[in-house]
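Welcome! Keep the view at hand as you read.

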Amino acid sequence: MAGIHARALDEEDALDSKNPAKVVKDALDKAVEKIAEMTTPPIPGAPGSQPPSPEPPSQPREPLPPKPDQSAPATGTATGAPTGAPPTARAQQGEYLTTSTGLRLHDTDHSLKAGERGPTLLQDHHLREKIMHFDHERIPERVVHARGAAAHGVFIGYGTASKVCKAEFLEEGVETPVFVRFSTVVGSRGSADAVRDTRGFATKFYTKQGNFDLVGNNIPVFFIQDGIKFPDIVHAAKPHPDREIPQAQSAHDTFWDFVSLHTEATHHVMWQMSDRAIPRSYRMMEGFGVHTFRLVNAEGETSLAKFHWKPKLGVHSLVWEEAQLVNGVDPDYHRRDLYDAIEAGAFPQWELGIQVFPDSPDQTFEGIDLLDSTKIVPEELAPVQPIGTLVLNRNPSNFFAEVEQVAFHVGHLVPGIDITDDPLLHARLFSYLDTQLSRLGGPNFNQIPINRPHVPVNDMLRDGFHQHAVHTGVAPYKPNSLDGGCPFMAGNTTGAYIEVPQPVAAATKVRRSPASFDDHFSQARLFWKSMSPVEKEHLVRAFTFELGKCYEQAIKERQLRVLANVDAELCAQVAAGLGLPVPEADKPAPEVEPSPALSQLGGVWPTDGRIIGVVVDPEHLDGVREVTAAIHAAGMVPLVVAPHGGPVGDGLQAQRTLLTARSVEFDALLLAGSPPPGADAIPARDAKTGDPATATAPVDPRVVLMVQECFRHAKAIGAWGTGANALALAGCAASDPGVVVGEDADEVFAAISGLLGAHRVWERFPATIA
């Protein structure tokens, strides 16, 4: 019965024999018997050993037995002696959640705080154990954000933040070296770039007051409100632990099981199912500090603020088919794009901005709880005020030494920037330090060159693994006289970091969140209502695809109930795609005012660094030299695509061939010719050629395929001369949106360049949702 996965044995059939070999044989025999009794054999791929219910589990029970296709190693001792214990003896035991020492727990959803809105307490032993163990689950790669790329650059302050923040690096004209790392969250180091996932956007500022780390994401909200839940969401999103699949994806049962039960994740799920989760490039990706921080000005006045990175090139994403093609054609797509752009001089740029709010006692703004990391403040209510520019202008010289060993920490602060009582932020203050102990081999990770501050360090920290410093003196303690009292304490006037003296109300220690944290759907609905019809279509498709990859019907039904509380139309469209009934919402949908800033459409952006494919026929090169020069002059990159590599005539070189090129590499396509089928245009050499009969077609079938893909993905397409022949064979007309046909190459490119400012020809996408 190899390859057939039966449903689990009933509880009374659980493995309890003392003979491991007999246990396995008996289990397989019973599984075979059960399959034989079934009219239809089960479909392989069930995530668990028993089917779940759409209703959340409520009655305590022992852990489920393994599936019949699973077996643990024999329970012998380290020296080979049999123990007689069943294979499940080393699995988790008991029906209640405990600490690692067996202490039963009553709550693992909330950290221990000084009152519902108070700071997280250091005495929370469960939080510290849970986060500590999670931090050390992977060695040596990061537990999350393992797949990444990074670059050096400079940040230049505008001085506009001085009214609210005294940090020196924000002063007018101050240039601060930076190192920025972009990453996916769920996948391993070897996973693909263009996956549907949250992206990290972490910036290390080497300021004159010490390092400041702004550790953010490309999505402004988290899945969770309290850091104690971070191990839960990551465990759910990571590959299933029994098979280590699927890699770098959320389209599986454990993820949707968690988020359909833990509905505070709903707002983040909306962002992750949107186009935002598959950016076209790191250069076209927004960044957010996520949390609310407390800013302090020179007079000691405080404000609350959220940080935003706005890309100069605008926010732009891949469409789903493009992402699937990219991950096969070039899994390093985003990494390559970043490094190639910097090498080509098309330096990525972002503007740093802040939303500023009064530092009120309740820490809310317009009814929005600023301590809830699952909430945003719409930009229409609090505009993003620009305070500086980031430019990335230098690639790493050694990927491991710099990109892999860089260590960020939300507790790396500078005077003028302080933390708030966000319970997610407080857990991160512990977690980021703790995780470096195993990943970077000890407590001296800040001495690694990429992490070293650009200011003097006298920290009285000594010894430990990988100690690079050679300390002198005999008194690494305070107070001392043997070292002349050095180092001395700094004061407010000598650049010391002094926490804002915030009052902590007399409160009872509790594991609770404030009532304002209970609203899980209004901002998810705000996101949906702010989308354009095309973006709504993409959201529906993403939900339908991801839930369609789940095995358990109960999980799909449960998530539809969640979507019903977001929007009836969204729920109905996804339910139709899944072939499931539409559930009723638990309560009327809240009224929300759409936020245009949440949509990626509607703007016109610079075209710096865009990649233009230029298809040529070596027999017809009219206008090619002129148009490639015009592309370069416009700050874009032309890639000549020819039937063969090397020189193609008129002093031109082919950068791509019809064998190696694919449409997903280009932002727009120019057809300078329609080359006939090349010598390798046969299925035995290139599967893209399709039917063998195409070898006698007038135009190479790979050119036709490239045009069709670009058209389907709403990219601008231009043609002149014989290039129009390929358009006709691809079924594209000069009257179609975003298709430009002319006699003059420069005029065609000028029109295409204008279309590129909007990223895509959006009207080409069909949309049935208003």
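**A first look around**

T292 sits in the loop that runs between β6 (287-288) and β7 (293-296). Please keep in mind that this is a predicted model.

**T292 and its surroundings**

- Is T292 buried or exposed? T292 is buried, and its relative accessible area is 0%.
- The side chain of T292 makes a polar contact of 3.2 Å with the side chain of K306.
- A polar atom of the T292 side chain also lies 2.6 Å from the backbone oxygen of L370.
- Beyond its neighbours within four places in sequence, T292 is in contact with L304, A305, K306, L370 and T420.

**Helix α2 and its buried side**

- In helix α2, which spans residues 125-135, the buried residues are H126, L127, K130, I131, F134 and D135.
- These residues lie on the same side of α2, because they cover an arc of only 155° around the axis.
- What do the buried residues of α2 pack against? Their partners are α3 (230-237) and α9 (423-439).

**The nonpolar cores**

- In soluble globular proteins, nonpolar side chains tend to be buried together.
- The largest nonpolar core here has 52 residues, and the members that touch the most others are W256, V259, V269, M270, F543, L570 and V574.
- Which elements give two or more residues to this core? They are α3, α4 (253-261), α5 (266-273), α10 (522-529), α11 (533-548), α12 (553-564) and α13 (568-578).
- Leaving out neighbours within four places in sequence, W256 is in contact with S250, A251, V269, M273, F543, E546, L547, C550, I555 and Q559.
- Another core, of 51 residues, lies apart from the largest one, and its members include A202, F307, I448 and I450.

**The cysteines**

- A disulfide is a covalent bond between the sulfur atoms of two cysteines.
- How many disulfides does a search of the whole structure find? The search finds zero.
- C165 is buried, with a relative accessible area of 4%, whereas C486 counts as partly exposed at 35%.

- Strands β17 (residues 646-649) and β18 (residues 652-654) pair in the antiparallel sense, over three bridges.
- G649 stands opposite L652 of β18.
- Two residues lie between the strands of this hairpin, where D650 takes a positive phi near 55°.

Technical notes. Residues numbered from 1 in each chain as written. Predicted model: local features only at pLDDT ≥ 70, side-chain atom pairs only at ≥ 80, totals over all residues. Heavy atoms only, no water. Buried < 20%, exposed > 50% of the residue type's maximum accessible area, 1.4 Å probe, protein only. Helix = DSSP H or I, 4+ residues; strand = E, 2+ residues; numbered from the N terminus. Arc of directions from axis to C-beta. Contact = heavy atoms within 4.5 Å. Polar contact = N/O pair within 3.5 Å; in protein donor to acceptor, adjacent residues only side chain to side chain. Core = buried A, V, L, I, M, F, W, Y, C linked by side-chain atoms within 4.5 Å. Disulfide = S-S within 2.5 Å. Pairing = 2+ DSSP bridges.
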